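Visitor: Please show me the model first. I would then like to go through the terms one by one and hear what each rests on.

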Amino acid sequence: MKKCITIFVLLVYFFGTTEAYNFLKFPLLIEHFINHKKENPKLSIIGFLKVHYLMDHGRDSDYDHDMKLPFKSGNIGCCNSSVVTILPSPLEEVIKPIKIIPIKFSITNDNIPVFLYETSLFQPPRVNT
């Protein structure tokens with residue numbers, strides 16, 4: 001029983017929210033074709049569909065019947081869609097300024113070896129004995 005109710009609800013929803021309800025109008029299409037076939041026995045189904053769906057023949061005596069054919073007129077109010085958007089909240093994080101602490105570096109050359117205290121840069125090589 002639940003399965004039947006579920007299928008029924010889905011079909012009602014499907015036919016109510018899409019253009020699929022036009023498939024329920026196919027008996028009107030067949031009936032309208034039979035009426036035109038009585039007036040013009042040489043009319044084929046392709047010719048009938050071409051006249052009613054591809055060509056614009058304006059308002060004629062059966063214009064009201066033509067507009068009841070499937071997929072002939074769109075039901076603009078049948079489909080509603082709504083979109084829910086969740087906007088992100090603005091960032092409220094406060095950026096704290098960085099504290100700059102001055103650091104004093106002292107360079108001491110106390111560990112310079114004595115042999116580097118030469119007065120002249122260009123000297124001949126020495127031999128240590």
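## Terms and values

Visitor: Among contacts between residues at least 6 apart in sequence, what percentage join residues at least 24 apart?
Guide: In the protein chain that share is 51%. Contact means heavy atoms within 4.5 Å. This is a predicted model, in which local features need pLDDT of at least 70 and side-chain atom pairs count only at pLDDT 80 or more, while totals for chains, interfaces and linings use all residues. Residues are numbered from 1 along each chain as its sequence is written, and side-chain values use heavy atoms, with hydrogens and water left out.

Visitor: What is the average pLDDT of the protein chain?
Guide: The average is 78, and 79% of the residues score at least 70. The term pLDDT is the predictor's confidence in each residue, from 0 to 100. Where it is low, the predicted coordinates should not be read in detail.

Visitor: What pattern does the protein chain follow along the sequence?
Guide: The pattern is α-α-α-α, with four helices and zero strands. Helices (H or I, at least four residues) and strands (E, at least two) are DSSP runs, numbered from the N terminus. Mean confidence is lowest in helix α4 (residues 63-67), at 79, and highest in α2, at 88.

Visitor: Why are α2 and α3 called roughly perpendicular?
Guide: The axes of helix α2 (residues 26-39) and helix α3 (residues 45-54) cross at roughly 105° and come within 11 Å. Axes are lines fitted to C-alpha atoms, for helices over the stretch in contact, and angles run from 0 to 180 degrees between N-to-C directions. Roughly perpendicular covers 65 to 115 degrees, so the two helices are given that name.

Visitor: Which residues make the contact?
Guide: From α2 there are L29, H32, F33 and H36, and from α3 there are I45, F48, L49, H52 and Y53.

Visitor: How do you know that N22 counts as buried?
Guide: Buried means under 20% relative accessible area, exposed over 50%, and partly exposed in between (1.4 Å probe, protein chains only). N22 has 0% relative accessibility and therefore counts as buried. N22 lies in the loop between α1 (2-17) and α2, and touches P70 and F71, leaving out residues up to four places away in sequence.

Visitor: What makes D66 buried?
Guide: Its relative accessible area is 1%, so D66 is buried. D66 belongs to helix α4. Not counting residues up to four places away in sequence, D66 touches H32, H52, H57, D60 and K72. Across the protein chain, buried residues make up 12% of the 129 residues.

Visitor: Why does K68 count as partly exposed?
Guide: K68 is at 48% relative accessibility, and therefore counts as partly exposed. K68 is found in the segment after α4. Leaving aside neighbours within four places in sequence, K68 is in contact with K25 and L28.

Definitions and conventions
Parallel < 35°, antiparallel > 145°, perpendicular 65-115°, else oblique.
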